[in-house]
Amino acid sequence: MFKKILIANRSEIAVRVIRACREMGIKSVAVYSDADRESRHISMADEAVCIGPGPSKLSYLDQEAVLTAAQMTGADAIHPGYGFLSENADFAEACAKRGIVFIGPPPEASRKLGFKSAGKAVAIAANVPVVPGTQGDVEAGVDIARVAADIGYPVLIKASAGGGGKGMRVVRQASELKPQLEAAAAEAKAAFGDGSVFIEKLLERPRHVEIQIAADKHGEVVAFPERDCTVQRRHQKLVEESPSPALTPDIRRDMQAAAVRLAKSAGYQNVGTVEFLYQDGKFYFIEVNARLQVEHPVTEAVAGVDLMELMIRIAAGERLPFGQERASEIRCHAIEHRINAEDPDNNFMPCPGRIEELELPGGAGVRVDTHAYPGYTIPSYYDSMIAKLIVSAADRPTALRRALRALGELKVRGVKTTAGLHAKIVAHPVFMAGDFDTHFIEKTKLLDKEDAHG
Amino acid sequence: MDTEHIRAVLTWMKTTDLVEAVYKKSGVGFALSTTDAPAAIAGAGMPASRFVPVASENVGVFQWAEPGKARRAEEGVEVAAGDALAVIVSGSGAAKRVKAPCAGRIAKIFADAGEAVEYGRPLFLLEPRP
């Protein structure tokens with residue numbers, strides 16, 4: 001086992017890693033930027049090294065500074081947390097070159113799965129369903145009407161070079177296909193200088209459902225119960241729960257088996273998440289997150305496991321302590337709320353600043369992961385998440401009531417937070433019923449101002 | 001550009017720890033800075049120092065000079081602006097120079113060869129030449 005782990009991250013995830021280190025009897029080294037001098041992870045760690053000024057490019061993303069700090073303090077492993085260097089295969093390689101273990105997947109595996117297009121090819125090869133569509137760009141001379149009919153309407157035309165909705169067209173019937181394809185290609189050509197487009201099936205009511213996996217260095221892979229992260233705003237997850245209110249045991253088993261197949265065929269090691277879209281009883285692979293995600297505590301509660309400890313043990317070469325049967329156990333229902341210092345009434349503008357007062361919820365089935373404390377000043381350089389609230393209970397209705405109770409106990413003064421929005425979501429009849437898709441926030445008009453005269 | 005918009009930015013800035021904000025789009029924009037932050041530090045009851053501190057801008061091992069070069073920095077020695085006072089050697093072996101920010105006399109040295117230093121670690125105090 002490692003003797004000393006350097007945590008190349010900040011905020012609540014650095015606190016999370018340090019807690020695991022303490023429980024495992026491993027010494028911890030915190031690194032921090034000039035703007036993070038007040039953060040709680042610094043005082044919790046055994047040692048701390050300031051690695052640069054506020055902007056993350058000059059501190060948390062400065063590979064040389066992080067590696068030098070590890071060498072100077074004699075750390076034998078680096079935990080990257082999420083974000084920053086966590087999915088950087090070059091960094092994982094640089095760690096190995098200096099004889100330091102990177103606690104995460106091997107660089108080859110994250111390269112294979114890291115990019116969306118690359119991951120899709122691995123998925124197809126592993127017989128994991130993907131969103132139906134053309135394999136690559138639409139080429140001249142192809143019977144496009146037949147291709148689209150095979151995919152099944154409605155379809156989405158997307159620019160290969162682009163993003164941001166440019167060159168994107170929804171086609172609902174065959175007669176619209178040709179003109180829309182030409183329009184999309186022209187728009188893509190104008191916007192990106194490249195007119196190539198591809199066609200994909202349009203999922204109109206998808207849920208975002210993901211499978212947490214753990215793979216040791218001896219070829220064993222297990223898949224945990226799914227997390228449902230359907231409630232999103234602009235592709236940012238807001239609420240995550242497990243198990244999903246939409247999945248049946250059969251679909252769950254199929255999804256877990258697909259995730260294990262994918263991990264095995266890519267030679268994946270350590271923990272990771274296989275993300276799917278789910279609609280009408282079918283699931284489609286979207287991407288792999290080669291890291292321990294923000295929402296991992298949901299699975300920790302539901303499966304009764306410590307994923308952080310597991311991750312460290314796997315990196316140290318230990319075997320998985322249990323098999324698939326144990327990993328599949330569903331012990332409760334859990335929900336996570338990401339509490340951000342943002343103003344939901346003002347287009348979610350970040351609200352850095354001083355937290356004058358902070359009261360955290362507690363009691364049965366309540367967990368709060370945070371680096372904040374009363375008097376803490378949220379720096380303006382980083383993301384605005386200040387805490388994660390995770391509640392668990394025997395079943396979904398009880399978990400929802402508990403979530404409302406815990407959100408009510410949370411008091412933050414000095415900065416605006418998204419806690420009130422979370423309460424609105426949990427109390428919404430559509431959320432309670434469990435039948436919703438990734439457009440939940442827009443469809444329920446939850447963000448519309450109650451007072452139109454404002 | 002509407003000054004009402006700038007007012008909104010300024011109001012928001014005052015709620016943060018930002019002391020400067022610059023916005024530019026298509027060649028036009030604005031730069032704002034608050035007076036609060038420097039005032040808060042200056043008002044802490046400390047008289048202004050006549051010394052200029054030199055802190056480490058890197059993480060690494062402090063050495064007096066690159067291998068094969070002579071030590072330059074001694075307490076009491078006069079240096080010119082830009083002179084290399086020491087180097088910080090990172091884990092990869094790359095050495096970054098610690099340069100004198102102004103001409104003057106080295107009044108105090110806080111580090112010694114072989115010492116591991118972090119970002120922001122005070123290394124020297126310079127007394128600027130009047």
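Predicted model: local features only at pLDDT ≥ 70, side-chain atom pairs only at ≥ 80, totals over all residues.
Colleague: Is chain B a compact globule or more spread out than one?
Modeller: The C-alpha atoms of chain B fill a box of roughly 60 × 40 × 25 Å along the principal axes, and 21% of its 130 residues count as buried. For 130 residues the globule rule gives 14 Å, whereas the radius of gyration of chain B is 20 Å, well over that value, so the chain is more spread out than a compact globule.

Colleague: Which element gives the most to the side of chain A that touches chain B?
Modeller: Across this interface, 19 residues of chain A are in contact with 13 residues of chain B. The elements of chain A that give two or more residues to that side are β3 (47–52) and α3 (63–73). With seven residues, the element that gives the most is α3(A).

Colleague: Does Asp36(A) count as buried or exposed?
Modeller: Asp36(A) lies in the loop between β2 (27–33) and α2 (40–44) of chain A, and beyond its neighbours within four places in sequence it is in contact with Arg10(A) and Pro379(A). Because Asp36(A) has 25 C-beta neighbours inside 10 Å, and 20 or more are required, this residue counts as buried.

Definitions and conventions: Residues numbered from 1 in each chain as written. Chains lettered and ligands numbered in written order. Contact = placed C-beta atoms within 7 Å. Helix = DSSP H or I, 4+ residues; strand = E, 2+ residues; numbered from the N terminus. Buried ≥ 20, exposed ≤ 12 C-beta atoms within 10 Å, placed from the backbone. Rg over C-alpha atoms; globule rule 2.2 N^0.38 Å.
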